[in-house]
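Let's look at how the words used for a structure follow from numbers.

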Amino acid sequence: MILGPGTIQSVSCPGWPSQLCGQTPWRPAHEKLRPWVPVTTPQDPSHAKLRPLARSSAHRNPPTRSPSFPPTCEHGSPEKLSPWEAPPTTVSLPGLQRFGLFGEPVNEEWALSMATGSSLLLCSALLAMGCALGLRLGRGRSAVERGVLAWLCYDALVHFVLEGAFVYLSLVGNVADSQGLIASLWKEYGKADARWLYFDPTIVSLEILTVVLDGILALVLIYAIVKEKYYRHFMQITLCVCELYGGWMTFFPEWLVGSPNLNTESWLYFWVYLLFFNGLWVLIPGLLLWQSWMELKETHYQRAHLGKKHL
């Protein structure tokens with residue numbers, strides 16, 4: 001047991017061969033120790049023998065093998081540690097930035113950083129703006145229609161503001177080397193999908209199509225709902241199919257090659273960034289397709305019923 005600078009205490013192993021007893025668990029000499037804090041303790045303090053810590057060439061050129069912890073004797077049995085063993089070098093606090101006892105930062109994949117908070121805040125602000133605009137446009141309409149308008153307004157904002165900025169940053173350079181609030185948002189998302197950090201031709205091509213086609217379709221559909229145009233459900237079906245196609249082409253080719261660019265180890269990046277946010281553009285377009293199907297079916301039955309009356 002190392003008690004402090006210049007002293008070391010051997011370990012007694014009752015019942016073991018004499019050549020295996022009294023050997024001190026190896027510890028690199030270059031490793032810094034806190035003064036007068038024991039690292040290990042012997043099983044029986046009555047056998048403690050103090051001797052000076054020799055200064056040899058081994059201290060200047062420590063062996064390359066790494067020590068085992070907890071310390072073991074030659075036959076492989078671990079040494080029992082007492083309550084006076086050294087405390088851990090890090091403090092584990094879930095959800096917070098971790099630091100060691102000497103001030104060094106400890107990386108946490110799922111820790112909520114400043115970039116994560118600002119990105120989620122920006123998405124929440126766009127959602128609030130979309131909901132407010134959609135509810136204002138849908139005054140006097142059913143709750144379902146107001147909800148559809150709120151989603152379409154948010155969808156258009158995401159396409160033009162976030163994805164439009166991504167297309168611009170990718171065409172003039174790449175997201176990884178860009179600065180700004182929206183660039184930091186895409187850098188944060190790039191921790192979950194690395195293809196968004198650098199110029200990926202497939203992703204950029206899909207995003208150009210999404211910004212130009214899906215963004216315009218969302219605006220036309222908002223107008224068709226507000227003005228009650230006859231082409232409302234045609235535009236709604238077209239937009240939903242485009243949204244689903246974009247999601248399919250974004251992830252299915254990546255899954256076929258084993259998802260090398262996706263971070264599936266962290267719960268934040270996998271469940272929130274990849275599944276939740278992208279899943280919204282699968283679930284809601286699917287519900288809107290079902291709504292259009294039911295409306296077209298009801299319209300067909302009404303026309304068929306009126307045709308029978310006139311016969």
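Q: How do you know how H2 and helix H3 (residues 143-172) pack, and what makes H2 oblique to H3?
A: Their axes are 7 Å apart and the packing angle is about 135°. Axes are lines fitted to C-alpha atoms, for helices over the stretch in contact, and angles run from 0 to 180 degrees between N-to-C directions. Angles under 35 degrees count as roughly parallel, over 145 as roughly antiparallel, 65 to 115 as roughly perpendicular and the rest as oblique. H2 is therefore oblique to H3.

A quick note on the source: this is a predicted model, where local features need pLDDT of at least 70, side-chain atom pairs count only at pLDDT 80 or more, and totals for chains, interfaces and linings use all residues. Residues are numbered from 1 along each chain as its sequence is written, and side-chain values use heavy atoms, with hydrogens and water left out.

Q: Which residues of H2 and H3 make the contact?
A: On H2 they include Leu122, Cys123, Leu126 and Leu127, and on H3 they include Arg146, Leu149, Ala150 and Cys153. Contact means heavy atoms within 4.5 Å.

Q: What classes of residue does the contact of H2 with H3 have?
A: There are 15 nonpolar, 2 polar and 1 charged residues. Here Ala, Val, Leu, Ile, Met, Phe, Trp, Tyr, Cys and Pro count as nonpolar, Asp, Glu, Lys and Arg as charged, and the others, Gly among them, as polar.

Q: Why are H2 and H4 called roughly perpendicular to each other?
A: The axes of helix H2 (residues 114-137) and helix H4 (residues 181-190) come within 9 Å and cross at roughly 110°. That angle is why H2 and H4 count as roughly perpendicular to each other.

Q: Which residues of H2 and H4 make this contact?
A: Among them are Ala115, Thr116 and Ser118 of H2, along with Leu181, Ile182 and Glu188 of H4. By class, the contact of H2 with H4 has 6 nonpolar, 4 polar and 1 charged residues.

Q: Where is arginine 232 found, and what is it in contact with?
A: Arginine 232 is found in helix H6 (residues 232-256). Leaving aside neighbours within four places in sequence, arginine 232 touches Glu145, Val148, Leu221, Ala224, Ile225 and Gln291.

Definitions and conventions:
Helices (H or I, at least four residues) and strands (E, at least two) are DSSP runs, numbered from the N terminus.
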